[in-house]
Amino acid sequence: MIWCPRCEQGWVIAARVKERDDTFMVCKECDTVWEDGDPVAKAPYVILEEYMARFGKSQLWTNLEQLEG
Ligand SMILES: [Zn+2]
C-alpha cells in the first residue's frame, strides 16, 4: 500500500464504486481520490464526495468495494 502523499496520515487503497468497473486510488484518511496513475500531493485529484456524486451516490465507504488493503 501507499502512504498518502497529501495528508500523510493514512493509507491509499485501490477501490471501486459498487456495480461499476472503474477502479481508482483513495486515501482512507482524507478521502482524496486519484483516478489515474499514482497518488501525488498535487492535482489532479478529486475528493471522494465529488467523485461519488457523479454516480448519484453518497460518499459512504459502504458504497465502495475495497480491492486491496
Ligand atoms: Zn490522505
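This text goes through the aromatic ring pairs of the structure and then one of the residues in them. The model is predicted, so local features need pLDDT of at least 70 and side-chain atom pairs count only at pLDDT 80 or more, while totals for chains, interfaces and linings use all residues. Residues are numbered from 1 along each chain as its sequence is written, and side-chain values use heavy atoms, with hydrogens and water left out.

A pair of aromatic rings is described by the distance of the centres and the angle of the planes. Rings of Phe, Tyr and Trp (its six-membered ring) pair if their centres lie within 6.5 Å; planes under 30 degrees apart count as stacked, over 60 as edge-to-face and the rest as tilted. The whole structure holds 4 aromatic pairs. In one of them, W3 and W11 are edge-to-face, with 4.9 Å from centre to centre and 75° between the planes. W3 is partly exposed at 43% relative accessibility, and W11 is partly exposed at 40%. Here buried means under 20% relative accessible area, exposed over 50%, and partly exposed in between (1.4 Å probe, protein chains only).

The pair of F24 and Y51 is tilted, because the ring centres are 4.5 Å apart and the planes stand at 50°. F24 lies in strand β3 (residues 23–27) and Y51 in helix α1 (residues 48–53), so the pair links parts of the chain 27 residues apart. Helices (H or I, at least four residues) and strands (E, at least two) are DSSP runs, numbered from the N terminus. Both F24 and Y51 are buried, and ring pairs join F24, Y51 and F55 into a cluster.

Y51 has a relative accessibility of 3%. Beyond its neighbours within four places in sequence, Y51 is in contact (heavy atoms within 4.5 Å) with V17, D22, F24, V33, E35 and V46.
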